[in-house]
Amino acid sequence: MAYLVRLGKAPSTNDLSQEEIALINRVFDVTPSSVTLNGVTFAWEDVTELETAVAARPQNPAGWFVKKVIFGGERYHVAIYAGKYEAVLPNTTRKVIEHIIQTIAYYAPRKIPYSGVEGIS
């Protein structure tokens, strides 16, 4: 089992667009006692795993069009699990996912199992 690597400093928003920052502020928050993603809040002690994944797209012209033109590139999902419960943020940019995972890696009070896209934190 891989664990999220604890970070020594909070991630910067310098590389994020204003739209990405607004999205993060709308759907994500951390406090000393909890983490909130997409309207679902979990106490830190209840968080059992973090997961990221590349959003699937059909391997046909329509899938290519959606990925390249509509979304402007690869899209990602991030999920926080607490036992049988989950909070998911689907179809967002890698920069947003990286910022969320790195913020969790900075603020989480303990090691959290992580699976998914490598190089995120």
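In helix α1, the residues E20, L23, I24 and V27 are buried. Those residues cover an arc of only 100 degrees around the axis, which puts them on the same side of α1. An α-helix has 3.6 residues a turn, so residues three or four places apart point the same way. The other side of α1 holds exposed residues: Q18, N25 and R26. This is a predicted model.

What lies over the buried residues of α1? The cover includes β1, β2, β6 (85–92) and α3. Helix α1 spans residues 18–27 and lies across β1 and β2. Its direction is at about 60 degrees to β1.

**The sheet**

β1, β2 and β3 form an open sheet, in the order β1-β2-β3. The pairing is antiparallel. The edge strands are β1 (28–30) and β3 (40–43), and each pairs on one side only. On average, neighbouring strands of this sheet are turned by 10 degrees against each other, direction ignored. Strands of a sheet pair through backbone hydrogen bonds, either parallel or antiparallel.

Take the β1 side. Three bridges join β1 to β2, which covers residues 34–37. D29 has T36 of β2 as its bridge partner. The two strands are linked by a hairpin through three residues.

Now the β3 side. β2 and β3 run antiparallel and are joined by four bridges. T36 stands opposite T41 in β3. These strands also form a hairpin, with two residues between them. In that turn, N38 has a positive phi of about 55 degrees.

Are the faces of β2 covered or open? Both are covered. S34 and T36 are buried on one side, V35 and L37 on the other.

**Helix α3**

Helix α3 (residues 94–107) packs on the sheet and touches β1 and β2. The direction of α3 makes about 10 degrees with that of β1.

Which residues of α3 are buried? They are V96, I97, H99, I100, I101, T103, I104 and A105.

K9 sits in the segment before α1.

**One salt bridge**

How many salt bridges does a search of the whole structure find? It finds one. The side chains of R94 and E98 meet there, at 2.8 Å from N to O. R94 and E98 are four residues apart in helix α3, so about one helical turn separates them.

| Residue | Relative accessibility | Class |
|---|---|---|
| K9 | 66% | exposed |
| R94 | 27% | partly exposed |
| E98 | 21% | partly exposed |

K9 counts as exposed because its 66% is over the 50% cut-off.

Terms used
Residues are numbered from 1 along each chain as its sequence is written. This is a predicted model: local features need pLDDT of at least 70, side-chain atom pairs count only at pLDDT 80 or more; totals for chains, interfaces and linings use all residues. Side-chain values use heavy atoms; hydrogens and water are left out. Two strands pair if DSSP finds at least two bridges between them. Axes are lines fitted to C-alpha atoms, for helices over the stretch in contact, and angles run from 0 to 180 degrees between N-to-C directions. Contact means heavy atoms within 4.5 Å. Buried means under 20% relative accessible area, exposed over 50%, partly exposed in between (1.4 Å probe, protein chains only). The arc is that of the directions from the helix axis to the C-beta atoms. A salt bridge is a side-chain nitrogen of Lys or Arg within 4 Å of a carboxyl oxygen of Asp or Glu.
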